[in-house]
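Here is a short report on a two-chain model. Look over the sequence and structure first, then read on.

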Amino acid sequence: MDSELVLEFPSDVRAIEQAVEAVLRRCPECEAHARKLRLNFRVGLTEALSNAVLYGNGEDPSKPVRVEVCIAGSTITARVTDQGHGFDPLAVPDPTTPENVARSGGRGLFLMRELLDEVHYNDRGNCVTLVLRLDPGFGGAASA
Amino acid sequence: MGFSVSKQNGVTVVDVEGQLIVGNRQELKTRVLEELDGGERKFVVDFSQTGYIDSSGLGVLVSLSKKIREQGGELRLSSLNEDLRTLFELTKLDTLFRIADSREDALEGF
């Protein structure tokens, strides 16, 4: 069954976990893929929401973050939009290289790309689309 | 969701209960730095009660480890579940930290 969820929340880091849990509650039909939801989707979505709150909206509570989630068959698509000016995702360095691995930041986009099947930004860079495929019979592995 | 701090054999042990994410990372940083300022140098962060960590949580661990090393101390990690180990391996942070299977292993020889 296809389902859609749309929610908006204020740019407060304390609201991120509640937003993620609200989305995950809409995915009961995906229980067979518990690990991919628990790890890949949960962490990937948390990173997208954190980027939107912290960098997109600058933690300005008057600027909402919008989340749209569509579950179609075995594919979950989440679109996260902030009110910011956007950024160039290609300019973000690889955090796993020897010169970057000891830095305290810069792992959010990397984790999204590693844990999800697709990560797309719009041209402005303020809207990211995450795609996770829950392929039949493939519920245990964490690699996307 | 929260943190509890205890002392075992001269080591400060911090249990992360729930998540270590952008919303509570500052609380962990404050708790550990208070102990560091108080003279503690040996730290274990135990994840046996932890659901998940995001990049902000990973970042605060990196930052704290650096500050503790600068003071001549060490931060060890213990009891990571399969999901958390995956995150440390993906980000190559498993090369940066001493990660023990259990709290007892982390405390051994500290």
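## Chain A: overall layout

Chain A has three helices and five strands. Along the sequence they run in the order β-α-α-β-β-α-β-β. This is a predicted model.

Chain A holds 144 residues, and 50% of them count as buried.

## Helix H2 of chain A

Helix H2 of chain A covers residues 34-56. The helix is kinked by about 30°, with the kink centred on A:Phe41. Past the helix comes A:Gly58, which has a positive phi, near 55°.

How many of the 23 residues of H2(A) are buried? The count is 20, so the helix is largely enclosed by the rest of the structure.

## The interface between chains B and A

The contact between the two chains involves 22 residues of chain B and 24 residues of chain A. Together the chains bury about 2,000 Å², and 64% of that area lies on carbon and sulfur atoms. Three residues of chain B stand out: B:Tyr52, B:Asp83 and B:Leu90. They supply 28% of the area that chain B buries against chain A, more than any other three residues.

Three salt bridges are found between chain B and chain A. A:Arg35 and B:Asp83 form a salt bridge through their side chains, at 2.6 Å from N to O. On the chain B side, strand E4 (50-53), helix H2 (55-70) and helix H3 (82-90) each supply at least two residues that touch chain A. The chain B residues on this side divide into 11 nonpolar, seven polar and four charged.

## B:Ser79 in its loop

Where does B:Ser79 sit in chain B? Its place is the loop between strand E5 (74-78) and H3. Is B:Ser79 buried or exposed? Its relative accessibility is 16%, so B:Ser79 counts as buried; the cut-off for buried is under 20%.

The side chain of B:Ser79 makes a polar contact with the side chain of B:Asp46, at 2.9 Å. Setting aside neighbours within four places in sequence, B:Ser79 is in contact with B:Asp46, B:Phe47 and B:Ser48, and also with B:Ala100, B:Asp101, B:Ser102 and B:Arg103.

Terms used:
Residues are numbered from 1 along each chain as its sequence is written. Chains are lettered from A and ligands numbered from 1 in the order in which they are written. This is a predicted model: local features need pLDDT of at least 70, side-chain atom pairs count only at pLDDT 80 or more; totals for chains, interfaces and linings use all residues. Side-chain values use heavy atoms; hydrogens and water are left out. Contact means heavy atoms within 4.5 Å. Buried area is the accessible area (1.4 Å probe) that two parts lose on being put together, summed over both. A salt bridge is a side-chain nitrogen of Lys or Arg within 4 Å of a carboxyl oxygen of Asp or Glu. Helices (H or I, at least four residues) and strands (E, at least two) are DSSP runs, numbered from the N terminus. Ala, Val, Leu, Ile, Met, Phe, Trp, Tyr, Cys and Pro count as nonpolar, Asp, Glu, Lys and Arg as charged, and the others, Gly among them, as polar. The bend at a residue is the angle between axes fitted to the seven residues ending there and the seven starting there. Buried means under 20% relative accessible area, exposed over 50%, partly exposed in between (1.4 Å probe, protein chains only). A polar contact is a pair of N or O atoms within 3.5 Å; within protein, one must be able to donate a hydrogen and the other to accept it, and residues adjacent in sequence count only if both atoms are side-chain atoms.
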